[in-house]
Amino acid sequence: MPPAHPRVLQDCAVVQPAAQAKLTVTMREFAQVHLAPPAERVRATPDPREASALIREVHERAVEAGVLRTMIPAELGGTAAGGVEAAIMWEELRDSGRTYGRTVMAGP
């Protein structure tokens, strides 16, 4: 007997609005340039203080680039239009650094 629910998303094309598509590209590029290279060094560093220093450097780049503002609503000075934008940011950062991306965004 087939499942009770159809596989709707498998047959649908998802079209992102231009601003969300741009955010996807921006976050992906940031992650590839700033997160991916030091991620392995952080994981391989046995000294937590050294690892924290590497994370701090990347966190500061994220702040400078305005990455963290995507989590703050526009009315509070951020650039977030909603939960979709936050999800896009987290997804791209996660794909580049797994838990490392979350650590960088939370701060050292």
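Accessible areas here come from the Shrake-Rupley method with a 1.4 Å probe. By that method the accessible surface of the protein comes to about 7,400 Å², and 58% of this surface belongs to carbon and sulfur atoms. The model is a predicted one. The protein has 108 residues, of which 31% count as buried.

The secondary structure is simple to list. The protein contains 4 helices and 0 strands, and along the sequence the pattern reads α-α-α-α. Contacts can also be sorted by how far apart the partners sit in the sequence. Among contacts between residues at least 6 apart, 63% join residues at least 24 apart.

Helix H1 covers residues 18-44 and helix H2 covers residues 48-65; the two pack at an angle of about 170 degrees, and their axes are 10 Å apart. Angles over 145 degrees count as roughly antiparallel, and H1 and H2 are therefore roughly antiparallel to each other. On the H1 side, the contact is made by Phe30, His34, Leu35, Pro38, Arg41 and Val42. On the H2 side, their partners are Ala51, Leu54, Ile55, Val58, Arg61, Ala62 and Ala65. Sorted by type, the residues of this contact comprise 10 nonpolar, 1 polar and 2 charged.

Charged side chains are the next topic. Side chains of opposite charge can pair when their charged atoms come close. The structure holds 2 salt bridges.

One of these salt bridges joins the side chains of Arg28 and Glu92, with an N to O distance of 2.8 Å. Arg28 belongs to helix H1 and Glu92 to helix H3 (residues 83-97), so this pair ties together parts that are 64 residues apart in sequence. Arg28 has a relative accessible area of 39% and is partly exposed. Glu92 has 7% relative accessibility and counts as buried, because buried means under 20% relative accessible area.

Another salt bridge joins the side chains of Glu57 and Arg61, at 2.6 Å from N to O. Both residues lie in helix H2, where they are 4 residues apart, about one turn of the helix. Glu57 is partly exposed, with a relative accessible area of 39%, and Arg61 also counts as partly exposed, at 29% relative accessibility.

Methods. Residues are numbered from 1 along each chain as its sequence is written. This is a predicted model: local features need pLDDT of at least 70, side-chain atom pairs count only at pLDDT 80 or more; totals for chains, interfaces and linings use all residues. Side-chain values use heavy atoms; hydrogens and water are left out. Axes are lines fitted to C-alpha atoms, for helices over the stretch in contact, and angles run from 0 to 180 degrees between N-to-C directions. Angles under 35 degrees count as roughly parallel, over 145 as roughly antiparallel, 65 to 115 as roughly perpendicular and the rest as oblique. Contact means heavy atoms within 4.5 Å. Ala, Val, Leu, Ile, Met, Phe, Trp, Tyr, Cys and Pro count as nonpolar, Asp, Glu, Lys and Arg as charged, and the others, Gly among them, as polar. A salt bridge is a side-chain nitrogen of Lys or Arg within 4 Å of a carboxyl oxygen of Asp or Glu. Buried means under 20% relative accessible area, exposed over 50%, partly exposed in between (1.4 Å probe, protein chains only).
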